[in-house]
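This report goes through selected side-chain interactions, taken one group at a time. Please keep the sequence and the model open while reading.

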Amino acid sequence: RNLFVTICVYNTMPFCLSVRTVLQSPVFTKQPGSIVYPVESMEKSREVVFSCEAQASPPPVYRWKLNGTELNPKSGSHFSLSGGNLRISHLNKDQDAGTYQCLASNAFGTIVSREASLKFAYLENFKTHRRSSVSVREGQGVVLLCGPPPHSGDLEFSWIFNEYPTFVEQDTRRFISQETGNLYIAKVEPSDVGNYTCVITHPVTKSRVQGPLTPLVLRNDGVMGEYEPKIEVQFPDMVHVAKGSTVKLECFALGNPVPSVNWRKVDGVPFPRKVDIRKASAVLEIPYFQQEDAGTYECVAENSRGMNTVKGKLSFYAPPHLIEKPQDVQKLIDDSLAWECKATGKPKPSYRWMKNGENLAPAEVTVGTRRINGINGALLISRLTLSDTGMYQCVAGNKYGEVYSNAELRVIAVAPDFSHNQLRSQTLVKVGGDMLIECKPKMSPWGVISWRKGSEALQPSQRVSILDNGNLRIWNVSKSDAGPYTCIARNQFGVASSTGSVTVKEPTIITTLPATLDVTVGESVVLPCQVSHDPSLDLTFTWFFNDQLIHFGSHGGFFEKVGGQHAAGDIMIRNIQLRHAGKYTCAVQTKVDSLSVAVDLVVRGPPGSPTSIQVEEITDTTVTLSWRPGADNHSPITAYTIQARTPFSLGWQAVSTVPKVVGGQRLTATVIDLSPWVDYEFRVLASNTIGTGEPSKPSKQAKTKGTSPKVTPASVSGGGGSRSELVITWEPVPEEQQNGAGFGYVVAFRPHGATGWMQAAVPSAETSKYIFKNESVQPFSPFQVKVGVYNNEGEGPFGHVTTIYSAEEGENPASVRAKSLSASQIEVSWKALPWNASKKRVLGYEVISVYWKRRDKEDTASVQRTVGNQTSTIIQGVRGSTTYYISVRAYNTAGAGPPSATVNVTTKKPPPSQPPGKVMWNTSNSKIILNWEQVKALENESEVTGYKVLYKKNPHSHPNVMETNTTSVELSLPTDEDYIIQIKPFGEGGEGSSSRQITIPRIAGQWRALGSASKVSTLSALSTIALSFTARTSL
């Protein structure tokens, strides 16, 4: 707040200076604090000073109150003021003790400081000079009373034993209470006999007094026996503890033996680390007390004779703390004030409000004004007047203290002023519309508002109204309402006006009528929005889908603006989907009006998924289903399709039903031609004229009932085996064709020409072989065989009869030899079985090769068959440097015979793995000369014995091969064609890795060409490139 003051100095010539002064309401910068004054000091200074200082302009005037009564520090009084400080001399403890408050006032109002107390600390002398002896037995407990003299404030206690400076040491047996000053000895011992003196120290006055001697003597009538603890020092049932303070609880017991003292919290929560237990467990100290420290505490005194306990509750409290304060505010006359004041504390604080140092009544009503304060800390004043100006204070308090918060209310009077709220310079309105022109001058108190159009005063009519707040409203506007309008504001302090212009425009009209559009999924549709409007106004088109704004460019690109004309806002929806059905709204806006039109879009599509699929009746081959229809999506459902799947099917398969065609009105159908005893899931699809919709969720799994099996095993055959055996084999029946539990096979067989059948049951569904062994079975004898099926539901049919021969008397080949040809080839030869002796029953031979990676586990066994009387074969693809164990056996229609004796052979080392490197070439006339780097075999590879040069004219022709044992070769080839060349090393282990393909281009004329292998397939005839090859490439 700035105040300009003119100062004039008159000397020989008058001289004036304008000075700007900053005005300020009082704000405390220093407040009084409580004082404890030692009475002993009154003989010396006998004076105290309470500080008080406030910042204010004009400077504040200070006053003081004692116990709510204003002091009058006039001349001769022992109260005096120095600035805002209160000096009290010639102190009198009976008259001057109490509560003091400082008041600071200036032209803006008065504020009151916090309360400060003056207390007098003193400690008088003991009146008694001698006390009677205390006589106890040895082992008995005793309490020596201190009995402090009159005093003020807390005291500190200690005891002298016999004479100064020997003080009583506290331990588990002896304890001095700082609450009562008494000395407690849990169990008296002979060494305790003597004189005891209580010593009291005042921590403020620093004075010390000693009590009379108390002699302690032992009785001669025996020693005290053991007894349980008796708690003599205990804390109150309820202790109120301030937030952040330190609390000490005392607990001490007499007893024989000496009791131990322990502490615990009744709720079982362990003590935090800050808790200190001292004086041999007799004192529990909790510093910086918080809400979580509150609760019931228990002291337990225990010895071998028993236990005793005492409990007390610590209650948490906190003085008020302001968390929301009122702020200085400036208001106009007749305005309203609402101030909030909030504080934390326990108990919950109450509130009162003060104005200029005086308490406001909880509810005050004056003429035309209603005031409410003290309701949850709120102060409300309606219809403010100049008399409400002043300094207000919120006081939040509970029984543990009060806090003050200051705020200034200034109520001002103002002449009308439009400088911050001019009328809108131009108001646009449409013909037939309603118009509101706001008039918001700043003035206090509120005055009279009038209007004029042009130079003529505006009178209220059926169309024209001046509202109570001064605004002008005109209904059903016409072209004649255009022009300048002026608002005039008056009060007792002045008059002001503001002018604005009104322009009337033609209304906007949507020419598109509301409609319902009907489209099919996948089509595109244009939604029209055509308007007529005032050409001087800009149009804005906005579209909404189901009342949600459409963001063009998002929504997957389905929506597109296509309105080409200025007055058209048409949009297109491309590839329309079912989710696009709904209400579309076109909103049109100009500066003077806004309107909208809606289009309902119906999207027809395939039906929705049927629901509630239920399996109702189950037989061995049929299931009855029911379902509920899904949404028809605006096209009636014409048919339903049922699909099923089993653990054995590849996905969902369509199934046959009764009726064959399930019409759209049916909600049940019977599925037929199912396999018995199979778990099925079913789903339903609905169709209409537009298409087939999404399938329903699968039904719960249902198993068809079982029946006797109908399918017999396929591929019944056999033969082979050992002497006197008939081996019968077949393909097991798949699980989905077993028709029930307990599935098995019935094998029937008889010698050729016999009439009766022998039968054997095979109870395992997975079994695929049955062996009949009997010494009467002749070698290679024909048997008729058939295999049937059964399960728990009954027996099924037998399959077709087939002929199977019993086992032959096999012979094994002799003279088996094996030879390693390379690292990957082994040649095996043997002596053939006599052809005549076998009566052409030998169909060929099987060569069995086995090797072990580990000694204890066979890694690979391979069988290679020959046909006819062939007596040798080559085994390809074996591993290098590996030992193979080889045997040979003959086979015929009855199977394989016994194997020969095993021979072993070790394959040669693998060929070199490195390809030839640094392949260089050059051409001259009709020659191609190649050079390369020698390949060095690794330790586990066979030595290089030579190289093969492979060359061909194109990638698809068969290569020519030239062998050499050197690292160069000269080829006599025509140079008018391209050549592809590769080089690979070989040794006894076979052929090694090949070099990269080299393409040598045709060369015209007799020029010499040089080159090397590179990553480029065709080289320039005049380029020279050297590159080391490390890639492993084969031809």
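## Salt bridge between arginine 889 and glutamate 846

In this predicted model, arginine 889 and glutamate 846 meet through their side chains in a salt bridge, with an N to O distance of 2.7 Å. Arginine 889 belongs to strand β84 (residues 883-892) and glutamate 846 to strand β81 (residues 844-854), so the bridge ties together parts that are 43 residues apart in sequence.

The two partners fall into separate accessibility classes. Arginine 889 has 23% relative accessibility and therefore counts as partly exposed. Glutamate 846, at 5%, counts as buried because the cut-off for that class is under 20%.

## Other salt bridges

Side chains of opposite charge can pair when their charged atoms come close. The whole structure contains 25 salt bridges. One of them is formed by arginine 87 and glutamate 47, whose closest N and O atoms are 2.8 Å apart. This pair links distant parts of the chain, as arginine 87 is in strand β10 (residues 85-89) and glutamate 47 is in strand β5 (residues 47-50), 40 residues apart. Arginine 87 is partly exposed at 32% relative accessibility, and glutamate 47 is partly exposed with a relative accessible area of 33%.

A salt bridge also forms between arginine 173 and glutamate 189, with 3.7 Å between the closest N and O atoms. Here both residues sit in loops: arginine 173 between β17 (156-161) and β18 (174-176), and glutamate 189 between β19 (183-185) and β20 (194-201), with 16 residues separating the two. Arginine 173 is buried, its relative accessible area being 9%, whereas glutamate 189 is partly exposed at 30% relative accessibility.

Which class, buried or exposed, does glutamate 941 fall into? Its relative accessibility is 7%, so glutamate 941 counts as buried. Glutamate 941 is located in the loop between β88 (927-933) and β89 (946-952).

The side chain of glutamate 941 makes a polar contact of 2.6 Å with the side chain of serine 913. A polar atom of the glutamate 941 side chain also lies 3.0 Å from the backbone nitrogen of leucine 938. Leaving aside residues up to four places away in sequence, glutamate 941 touches Lys909, Pro910, Pro911, Pro912 and Ser913.

## Aromatic pairs

The count of aromatic pairs comes to 24. Among them, tyrosine 164 and phenylalanine 167 are arranged edge-to-face, at 5.8 Å centre to centre and with 80 degrees between the planes. Tyrosine 164 is exposed at 54% relative accessibility, while phenylalanine 167 is partly exposed at 30%.

Phenylalanine 271 and tyrosine 297 form a stacked pair, because their planes are at 10 degrees with the ring centres 6.0 Å apart. Phenylalanine 271 is in the loop between β27 (260-265) and β28 (276-278) and tyrosine 297 in strand β30 (residues 295-303), so this pair links distant parts of the chain, 26 residues apart. Phenylalanine 271 is partly exposed at 27% relative accessible area, and tyrosine 297 is buried at 3% relative accessibility.

## Lysines over rings

Lysine 786 lies over the face of phenylalanine 798, 4.8 Å from the ring centre. The charged end of lysine 948 sits over the ring of phenylalanine 986, at 5.7 Å from its centre.

Terms used. Residues are numbered from 1 along each chain as its sequence is written. This is a predicted model: local features need pLDDT of at least 70, side-chain atom pairs count only at pLDDT 80 or more; totals for chains, interfaces and linings use all residues. Side-chain values use heavy atoms; hydrogens and water are left out. Helices (H or I, at least four residues) and strands (E, at least two) are DSSP runs, numbered from the N terminus. Buried means under 20% relative accessible area, exposed over 50%, partly exposed in between (1.4 Å probe, protein chains only). A polar contact is a pair of N or O atoms within 3.5 Å; within protein, one must be able to donate a hydrogen and the other to accept it, and residues adjacent in sequence count only if both atoms are side-chain atoms. Contact means heavy atoms within 4.5 Å. A salt bridge is a side-chain nitrogen of Lys or Arg within 4 Å of a carboxyl oxygen of Asp or Glu. Rings of Phe, Tyr and Trp (its six-membered ring) pair if their centres lie within 6.5 Å; planes under 30 degrees apart count as stacked, over 60 as edge-to-face and the rest as tilted. A charge sits over a ring if NZ of Lys or CZ of Arg is within 6 Å of the ring centre and within 35 degrees of the ring normal.
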